[in-house]
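User: I have a model open and want to learn how to read it. Can you take me through a few features, one at a time?

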Amino acid sequence: RLRVVVLDELDSLLPIETVYGPRAAERKRSANKQRPEPPAQQLLRAVFESNMEPQLQLVAASATVSRPSRLKLERVLRRDPLGRWFTSSLPIVRPAEIANLDLSTISRAVVIPSGVRHYYVRMPARVPSAGGGNAASRLAASGKGRVTLKQKRLLRAMKAKAASADAIAKAAH
């Protein structure tokens, strides 16, 4: 039973594209409709819809996370059908050494607490899952929610990319 989801390097997993200039908001909305959802967002949606654990926790970490990245995460979390993150903004956890400082006077205050130990496992670029396919295709196959045109295009593009990668790999051997 899944109880905790950890997103490391949030700003990379849920990228933000900045648009400047005249009618920037309109151009950003248009670009967002054309761009496929990041895989991390698809995974979170699949976890939300398949996990009814009311105490599900989410840990999102990044040394360089920006306010727009935090706001994007909040928008993604508001789509949770159980409403686990509807009521308040996300808390920011900072090291004890700087918790009581006025961070507005310290430029780029990034401190890693001395008790933190970092471990990681390098994963291959393509990891087959038990259910086959990615989170979006499993969600579509489960019948939970409608598949949007954007998701269909993303699935088609991912299948084409996988097929070309397989062809290249076979040719190399």
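Analyst: Let us start with one residue. This is a predicted model. Glutamine 57 lies in strand S2.

User: Is glutamine 57 buried, partly exposed or exposed?

Analyst: The general idea is a scale of relative accessibility: buried is under 20%, exposed is over 50%, and partly exposed falls in between. Glutamine 57 has 46% relative accessibility, so it counts as partly exposed.

User: Which residues does glutamine 57 touch, leaving out those up to four places away in sequence?

Analyst: Contacts link parts of the chain that sequence numbers keep apart. Glutamine 57 touches Arg3, Val4, Val5 and Trp85. There is also a C-alpha separation to note: 9.1 Å between glutamine 57 and arginine 84, which are 27 residues apart along the chain.

User: What is the bridge partner of valine 4 in S2?

Analyst: Strand pairing is read bridge by bridge. The partner of valine 4 is glutamine 57. Strand S1 (residues 4–8) and strand S2 (residues 57–61) pair in the parallel sense, over five bridges.

User: Which residues of S1 are on its covered face, and which on its uncovered one?

Analyst: Read a strand face by face. In S1, Val5 and Leu7 form the covered face. Val4, Val6 and Asp8 form the uncovered one.

User: What does leucine 73 touch, not counting residues up to four places away in sequence?

Analyst: Leucine 73 touches Leu7, Leu10, Leu14, Leu44, Leu58, Ala60 and Leu90.

User: Last, the whole chain. How many helices and strands does it have?

Analyst: Step back and read the elements in order. The protein chain has seven helices and two strands. Along the sequence, the pattern is β-α-α-α-β-α-α-α-α. Buried residues make up 23% of the 173 residues. Among contacts between residues at least 6 apart in sequence, 69% join residues at least 24 apart.

Methods:
Residues are numbered from 1 along each chain as its sequence is written. This is a predicted model: local features need pLDDT of at least 70, side-chain atom pairs count only at pLDDT 80 or more; totals for chains, interfaces and linings use all residues. Side-chain values use heavy atoms; hydrogens and water are left out. Buried means under 20% relative accessible area, exposed over 50%, partly exposed in between (1.4 Å probe, protein chains only). Helices (H or I, at least four residues) and strands (E, at least two) are DSSP runs, numbered from the N terminus. Two strands pair if DSSP finds at least two bridges between them. Contact means heavy atoms within 4.5 Å.
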